[in-house]
Structure formats: C-alpha cells, structure tokens
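Hi everyone, thanks for coming. Please take a look at the sequence and the model on the screen, and then we'll walk through them together.

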Amino acid sequence: MAETILVDKNLSDEKIYESILPQIDSLLNAGEPLISNLSNVTAALKEAFEKISWVGFYFLKEEKLFLGSFQGKVACTVINVGNGVCGTAALTEETIIVEDVDKFPGHIACDSGSKSEIVVPLIVNGKVIGVLDLDSYSYSAFNNTDKKYLEMLCFILSNKLKLEKTIQLLI
Ligand code: SME
C-alpha cells in the first residue's frame, strides 16, 4: 500500500497539525524498525509545512547528541549536551523556540540559510533521550502552536514506538 499524507497547505498551522498528527500516528508501526518510523515522521513534517527547511532527530548517548533520521541538507553529526539549541534543550529538558538564530548564544549553524528554529526534547520516563529539531529559512517561523503539537507528537512517538527500549538499537 502506498503511504501518503494529505495536507491542505491553505489551512492555518494549527489546522495542519490537527490534520497530520492522526495521519502520522497511523503511519507508525511499532513492529517495524524505529529508523523506518522516524524517517517517515520527518518526511511527513517536511511535506506538511513549507516553512521547514530542515527537520530531524538527534539521539543522546554519553552526553552527546548524535544525528538520526532527518530531511534536509547535510547536518552536524555530533552535538555536545549544553551546546547549541539542541544541546541546550537536551540539558534543560524544555522546548526552545528561537526566533532569530543569530541572537541565540552558541547557536550551531549547520546551514547558514537557517534563520529560526524550534527544538523539542524527547522525554521518556522523565529522562531526555534525544531531541526533535526543526529549522526555517524565515525568521520567527515557530511559535507556541508548533510547541504544543510537536510536544504532542514526541509524546506519541515515545509511547507508541516504546522509545525507551528501541532507541538503544539505533545508537
Ligand atoms: N542549529 C542546531 C544544530 C543542528 S542543525 O540546525 C540541524 C543547534 O544550534 O543546536
């Protein structure tokens, strides 16, 4: 069966999230490899939102974040916890919205075209196991609507894909 998602790009971001989250949920299959599931999640997000220039996961191992499934240009493969937006979100265990990356001290520019960013920690049983990072070529592309739905998505992923166990196989 062809796997597709349907997106009406004329809708507001909120309505797009409302429409794609159930579709992403139905794409997930805990019986298939985690890398397959997470790759499709990044593809679905990139397809749904024109504002996304890069979307991907980083996974935590021994105080470092390692690049996982993503859509977009080649990116940094390793980020230390505490460094950049990703490392700061992993350290503080909080979602970080950056309206202008040049104003975020220590921002790591994998793509010099990137202007704004949101990073959502992936939390399983109270512990950070990685982050979901989205970048945009527009300033202030992400806001509390993105935060709300991306946090919901990370919650769905953690539970449905049993990330606390399956993540060990990836890194
Ligand atoms: N900008 C991120 C690095 C990852 S790339 O954007 C894909 C950061 O500052 O952590």
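Let's start with aromatic pairs: rings of Phe, Tyr and Trp (for Trp, its six-membered ring) pair if their centres lie within 6.5 Å, and planes under 30 degrees apart count as stacked, over 60 as edge-to-face and the rest as tilted. By that rule, the count here is 5 aromatic pairs. In one of them, W54 and F70, the ring centres are 5.4 Å apart and the planes are at 20°, so this pair is stacked. W54 belongs to strand β1 and F70 to strand β2 (residues 64-71), so the pair ties together parts that are 16 residues apart in sequence. Helices (H or I, at least four residues) and strands (E, at least two) are DSSP runs, numbered from the N terminus.

A quick word on the source: this is a predicted model, where local features need pLDDT of at least 70 and side-chain atom pairs count only at pLDDT 80 or more, while totals for chains, interfaces and linings use all residues. Residues are numbered from 1 along each chain as its sequence is written, and side-chain values use heavy atoms, with hydrogens and water left out.

Now, the ligand. Which residues come nearest to the ligand? Of the 13 around it, they are V85, C86, I108, E117 and D135, where near means a heavy atom within 4 Å. By class, that shell has 8 nonpolar, 2 polar and 3 charged residues; Ala, Val, Leu, Ile, Met, Phe, Trp, Tyr, Cys and Pro count as nonpolar, Asp, Glu, Lys and Arg as charged, and the others, Gly among them, as polar. Helix α3 gives the most to the shell, with 3 residues.

Finally, polar contacts, meaning pairs of N or O atoms within 3.5 Å. A ligand oxygen is 2.8 Å from a polar backbone atom of C86, and a ligand nitrogen is 3.0 Å from a side-chain N or O atom of E117.

Methods
A polar contact is a pair of N or O atoms within 3.5 Å; within protein, one must be able to donate a hydrogen and the other to accept it, and residues adjacent in sequence count only if both atoms are side-chain atoms.
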